[in-house]
Amino acid sequence: MTSGILGRASVVLEDMRCQHGRPVTLADVTRRTGIPRSSVHRILDQLAGLGWIARAGNEYRLGSRMFDFGIGAAQGDAEMACAWPVVQGLAARTGLIACLGTIRDSQVVILEKAGGPPSTTSPFRVGARLPAQRTSLGKVLLSAAGNEAHENIDARRRDELGRVRETGVAHTFDDLVPGIGCVASVVRVHGRPADVALAVSGSSLQVRNRVFRLNVQAAAAALGRALEANATRIAPERLTSV
């Protein structure tokens, strides 16, 4: 278990973030985190006092100050600043949900999302964490990461990642939600894959259309050029060799 007040506070905040805006109770957080109830109570009270979370009765949710921190971080991230207009443009051209994602701990994290009709069936929400091997975003990012990232992947998946690496494009159909498909392409900066990829999501029948693959590839190339033109310096650890 994570020790220290900062470590435990981080675990509590991460648990609340994963609820996607739903309020939580002291009992909820205690059960999911495994942190002693008294410690969780103290952490929640301190975070509420700082404005990082809001309390209503016996329920807690992330507060407006956390939103301010998130906006500040996004505005200070050159990669995200370049990506947002590209994601918006991709959604406008295709009429589908457009996403920017990265991999963290074998999961895809959705960093940006635009477009698409309001739907409770779509798994693509900003901040959502999805199993990498079951998403097109995860497949293109895993394929670009090289063989060292494939050690815990079965032979069939490794063969699939090899094909994705050759084409630079990955598809998924019905893997996360029945009837929902996705096509993704990795973003390249100075010819090397960055740790982000772009995708569009719609009905499985829609995304089989070649035009959506071409749009995603064009958007990924445009984002790569935007990062280069803005002289963005991607740290070495944020690039993976091929």
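**Helices, sheets and cores**

Student: Are α1 and α3 roughly parallel or roughly perpendicular to each other?

Tutor: This is a predicted model, in which local features need pLDDT of at least 70 and side-chain atom pairs count only at pLDDT 80 or more, while totals for chains, interfaces and linings use all residues. Residues are numbered from 1 along each chain as its sequence is written, and side-chain values use heavy atoms, with hydrogens and water left out. Helix α1 (residues 5-17) and α3 pack at an angle of about 80 degrees, with their axes 10 Å apart (axes are lines fitted to C-alpha atoms, for helices over the stretch in contact, and angles run from 0 to 180 degrees between N-to-C directions). Angles under 35 degrees count as roughly parallel, over 145 as roughly antiparallel, 65 to 115 as roughly perpendicular and the rest as oblique, and therefore α1 and α3 are roughly perpendicular.

Student: In what order do the strands of the open sheet of 3 strands stand?

Tutor: Two strands pair if DSSP finds at least two bridges between them. β1 (24-25) and β2 (53-56) stand at the edges with a single partner strand each, so one side of each has no neighbour in the sheet. β1 pairs with β3 (residues 59-62) over 2 bridges in the antiparallel sense, and Thr 25 has Glu 59 as its bridge partner in β3. The order is β1-β3-β2.

Student: Which strands are at the edges of the open sheet of 6 strands?

Tutor: The order of this antiparallel sheet is β6-β5-β4-β9-β8-β7. Its twist averages 35 degrees from one strand to the next. Pairing on one side only marks the edge strands, β6 (129-131) and β7 (169-173).

Student: How many bridges join β8 and β9?

Tutor: These two strands form a hairpin with 2 residues between them, and His 190 in the turn has a positive phi of about 55 degrees. Within the pairing, Arg 188 has Pro 193 as its bridge partner in β9. β4 also pairs with β9, over 6 bridges, while for the antiparallel pair of β8 and β9 the number of bridges is 9.

Student: Which element gives the most residues to the largest nonpolar core?

Tutor: A nonpolar core is a set of buried Ala, Val, Leu, Ile, Met, Phe, Trp, Tyr and Cys residues joined through side-chain atoms within 4.5 Å. The largest one has 26 residues, and Leu 100, Val 187, Leu 198, Val 200 and Leu 223 have the most contacts inside it. Two or more residues come from each of α5 (78-94), β4 (97-104), β8 (180-189), β9 (192-203) and α9 (210-229). With 7 residues, the element that gives the most is α5.

Student: Is Leu 137 buried or exposed?

Tutor: Leu 137 is found in helix α6, and leaving aside neighbours within four places in sequence, Leu 137 is in contact with Cys 99, Gly 101, Val 108, Ile 110, Ala 184, Ala 197, Leu 198 and Ala 199. Buried means under 20% relative accessible area, exposed over 50%, and partly exposed in between (1.4 Å probe, protein chains only). The relative accessible area of Leu 137 is 0%, and therefore Leu 137 is buried.

Definitions and conventions:
Helices (H or I, at least four residues) and strands (E, at least two) are DSSP runs, numbered from the N terminus. Contact means heavy atoms within 4.5 Å.
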